[in-house]
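Take a look at the sequence and the model, and then read on.

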Amino acid sequence: MEWNDATIHVMSHAVHYGSSVFEGVRCYETPDGPAIFRLREHMRRFLDSARIYRMPIAHTLDELVGACAETVSENALPHCYLRPVALRTGEEMGVLGTNAPVETFIIPWVWGRYLGNDALTHGVDVCVSSWRRAAPDTFPALAKAGGNYLNSQLSKMQARLDNYAEGIMLDSFGYVAEGSGENLFIVRDNVLHTAPIGASILQGITRDSVMHIARDLGYHVVEQTIPREMLYVADELFFTGTAAELTPIRSVDRIEVGTGRPGPVTLAIQERYLGIATGKLPDTYGWLTRVESRVAV
């Protein structure tokens, strides 16, 4: 489909009621050509999100995986960010969208560092947001749904107005949850702490990758409820996410984290993660999906 032809009607259900689910997937440039990071896991979560919201998807997991690889290949991209999205379209009014058709798109986008060009090396300054994650009996946090991110937008806008790169959100009980579009890890005495999925966080695929890598590097990883003050006494803090990759945090609410620079645990995990994703280190986990390269040499 040509870019200018990729349109939906203004009366689409998704436009009025946020009825869409989506994924964010990175394709990295490697010595062996383009490779998509943890594609199958992303597309499984995509189907899970649609199932939670009762959105029938006309494609199997294998078909979606193949379509993502084909999108990269057909666009001759050495690297990109992929945005698979399924949305209720049609032309009707009303909250109930079960009669609206569901269409699926896979969008290739060339995207740099999500939190800034220097974020991965120097870290970012963040704040604790006044906006909280929804309670567990309101929105299903395990679904990566478009409407869920209205909450994230408010947190992000508040942070930027106050000259922070990002906001950290608490859950409905006041415990640390995650960023507006990233999971969060705290390092204290060489132990990694992260919020459980019951804290209204997205079950992040990068989060899962970091947990695997950290344990293989010999670090203990604990999923637990985290009080806000842990952010101020952490030795290291970092965000994880497909867009953010592994971004160190150098201060929270103007309180310096550790030495104010990326710490050794963060850097060790970041090096392994990016090394695997970019093909510079062996893919011992089987996380990369190679794409037939059509990039002009």
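A residue counts as buried at under 20% relative accessible area, as exposed at over 50%, and as partly exposed in between, using a 1.4 Å probe and protein chains only. Pro101 is found in the loop between strand 4 and strand 5. Its C-alpha atom and that of Thr206 are separated by 31 Å, and the two residues are 105 apart along the chain.

The model is predicted, so local features need pLDDT of at least 70 and side-chain atom pairs count only at pLDDT 80 or more, while totals for chains, interfaces and linings use all residues. Residues are numbered from 1 along each chain as its sequence is written, and side-chain values use heavy atoms, with hydrogens and water left out.

Helices (H or I, at least four residues) and strands (E, at least two) are DSSP runs, numbered from the N terminus. Strand 7 covers residues 166-170, and five of its five residues are buried. In a regular strand the side chains alternate between the two faces of the sheet. Here Glu166, Ile168 and Leu170 point one way, while Gly167 and Met169 point the other way.

Two strands pair if DSSP finds at least two bridges between them. Strand 6 (residues 124-128) runs parallel to strand 7, with three bridges, and Cys127 has Gly167 as its bridge partner. On the antiparallel side, strand 7 pairs with strand 8 (residues 176-179), again over three bridges. There Leu170 stands opposite Val176. This hairpin has five residues between the strands, and Gly174 takes a positive phi near 90 degrees.

**Helix 5**

Strand 6, helix 5 (residues 149-161) and strand 7 make a right-handed β-α-β unit; right-handed means that, with the strands pointing away from the viewer, the path from the first strand over the helix to the second runs clockwise. Which residues of helix 5 are buried? They are Asn151, Ser152, Ser155, Lys156 and Ala159. Seen down the helix axis, these buried residues fall within an arc of 130 degrees, so they line one face of helix 5. The arc is that of the directions from the helix axis to the C-beta atoms. The face turned away from the buried side carries the exposed residues Leu150 and Leu161.

**Aromatic rings**

Rings of Phe, Tyr and Trp (its six-membered ring) pair if their centres lie within 6.5 Å; planes under 30 degrees apart count as stacked, over 60 as edge-to-face and the rest as tilted. A search of the whole structure finds seven aromatic pairs, including these two:

| Pair | Centre to centre | Between the planes | Kind |
|---|---|---|---|
| Tyr81 and Trp111 | 4.7 Å | 90 degrees | edge-to-face |
| Tyr285 and Trp287 | 4.1 Å | 10 degrees | stacked |

Tyr81 lies in strand 4 (residues 80-88) and Trp111 in the loop between strand 5 (102-109) and helix 4 (119-122), so their pair ties together parts that are 30 residues apart in sequence. Tyr81 is buried, with a relative accessible area of 6%, and Trp111 is partly exposed at 31%.
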